[in-house]
Amino acid sequence: MQHESQEKPRLNAFPIFMRVEGEVVAIVGSGDEALAKARLLGQSSASLRIVAKNAEPALLDFIARHRAVHVEADYAHEHLEGAVMVFAATADETLDTRIVADARRMGIPVNAVDRPELCDFFTPALVNRAPLAVAIGTEGAGPVLAQMIRARIDQMLSPSLGALAGLAASFRDAAETLLPRGNPRRRFWSDFFSGPTARAVAAGNLSLAHDAATELLLSRTPAVGHIALVGAGPGAEDLLTLRAQRLLMDADVIVFDALVPEAVVAMGRRDAERMPVGKRKGCHSKSQSEINTLLVALGREGRRVVRLKSGDPLVFGRAGEEMAALRDAGISYEVVPGVTAAFAAAADFELPLTLRGVTSSMVFTTGHDLKGGTLPDWAKLAISGATVAVYMGRSVAAEVAGRLIESGLSPDTAVAVVENASLSNRRRFHGTLADLPSLEARRDLSGPVMTIIGDAVAGANFDRSEALVAQKPTVFGQDEALVSAAEGKAR
Ligand code: SAH
């Protein structure tokens, strides 16, 4: 698989949501720092104990409005007694350090303002749609960044979300009683949060929302299976379409090929079952007919399946066979296009696939059909100037070059090769058709490789590409050119 080799950095602080209802949270400090924490915690139903001998007016005002407990005394460790969380916010380093030590001795997690090294926990930037909350953390590294992200998420989430989540809470028991666990229950909730109920809440009509939710709950029909054949794109997870992402978030099962990167599979719903079906050279994998059977069976079980294929599902993806099997079995399906490898490779090379005055057609091929005695039609297109994108072409590179040259395409025709298109570890190579055979013997390419051949390739940007063959072979005749290219690869 084309996983990035470097490991993902891990979180040193793990986000959780802690129950504070009715619990005491102690904040020590009289000024702005204490007020900021008081405001943050004031969004919860914790009972605030503010230890401030000479509280500033704004803090006094907060205490009055929130009916917080005000301890008007010099700090003493007894003030932390019974608290579940402590904030040292005195702006006095020595005192904060003492508070931290006291809290730790008493076994209470503590946060010291602006002293990440003294913190047992960090406070997030918070988007509050109670009971729903989005907390953004940077482990103390970038509060400004956290605030910027907070502002963006705040814009994205409708103010009515809180009310919707509240309504959901009031339906939870009923849903658990009436709907079997798993699929039906999950489907109810996904309709609840996206259908008429959500729309009624957004329109401010809670009683209509309540009716819509009740109807949804009582009118549950058995789940109908559905298979989405989804293009995962060439590898980069942000080249996935929004529709693909939505389906992934809603899937019961994700059936994926080896070429689909883990990062894309990981974008699926957390509880979705993940089924790799291989299709990798040298690894055990399911046969195409086993995959067809699997999809049909999942559909019959009433599951929502995302069948993830690399690139576009309809380009060398054997989607035709899967669709035929689903049609025969009467199972509903849809196709979601993806960015095919040829497009990703062209983008990586800034290569115009059609070029005004140069070429106006393009060919998607595997080159594997060149092995037979007769030249396939696409070879004629290539000779007449079409841009040719060769999928799975590494092992037939010499065949492709040889046959095309033999049939009259100039050995000087430009060629661009991209390994791992769209990924950060991609490699780009340029050369001519005469250089192409060298690809077959390269041992340094382990990822998927896309080859693009044609005059339009000359319009690409070669600033970031390596020569396909270190030294250009001299072209004596076509055969010699291939031989000398083959020698080039041995170096
Ligand atoms: N359905 C896929 C193609 C599957 S065939 C699509 O539309 O892209 C597999 C071939 O696709 C590989 O052998 C390789 O030629 C090409 N390919 C897939 N991902 C690629 C990538 N990231 N970079 C270069 N080529 C890729």
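Is Val113 buried or exposed? I took this question to the model first, keeping in mind that the model is predicted. I find that Val113 is buried, because its relative accessible area is 15% and the cut-off for buried is under 20%.

**Entry 1, surroundings of Val113.** I located Val113 in the loop between β5 and β6, the latter spanning residues 125-129. Leaving aside residues up to four places away in sequence, I listed its contacts and found that Val113 touches Glu33, Lys37, Ala88 and Ala89. I also looked up Asp96, which lies 17 residues from Val113 along the chain, and noted that the C-alpha atoms of the two are separated by 8.4 Å.

**Entry 2, the sheet.** I then traced the strands and found an open sheet of five, in the order β3-β2-β1-β4-β5, with parallel pairing. At the edges I noted β3, residues 69-71, and β5, residues 110-112, each of which pairs on one side only. From one strand to the next, I recorded a twist that averages 15°. Looking at β4, residues 83-88, I saw that three bridges join this strand to β5 and that the two run parallel. Across this pair, I noted that Phe87 stands opposite Asn111 in β5.

I next asked which strands helix α1, residues 32-41, touches. I found that α1 packs on the sheet with contacts to β1 (24-28), β2 (47-51), β4 and β5, and that its direction makes about 165° with that of β1. For helix α3, residues 93-105, I noted that the helix also packs on the sheet, where it touches β1, β4 and β5. The direction of α3 makes about 165° with that of β4.

I turned to helix α6, residues 183-194, and helix α8, residues 206-218, which pack at an angle of about 155° with their axes 10 Å apart. I recorded the crossing, in which α6 passes α8, as right-handed. Which residues make the contact? I listed Phe188, Asp191 and Phe192 from α6, and Ala213, Leu216 and Leu217 from α8. Sorting the contact of α6 with α8 by class, I counted five nonpolar residues, no polar residues and one charged residue.

Notes. Residues are numbered from 1 along each chain as its sequence is written. This is a predicted model: local features need pLDDT of at least 70, side-chain atom pairs count only at pLDDT 80 or more; totals for chains, interfaces and linings use all residues. Side-chain values use heavy atoms; hydrogens and water are left out. Two strands pair if DSSP finds at least two bridges between them. Helices (H or I, at least four residues) and strands (E, at least two) are DSSP runs, numbered from the N terminus. Axes are lines fitted to C-alpha atoms, for helices over the stretch in contact, and angles run from 0 to 180 degrees between N-to-C directions. Contact means heavy atoms within 4.5 Å. Buried means under 20% relative accessible area, exposed over 50%, partly exposed in between (1.4 Å probe, protein chains only). A crossing is left-handed if the near helix is turned anticlockwise from the far one by less than a right angle, and right-handed if clockwise. Ala, Val, Leu, Ile, Met, Phe, Trp, Tyr, Cys and Pro count as nonpolar, Asp, Glu, Lys and Arg as charged, and the others, Gly among them, as polar.
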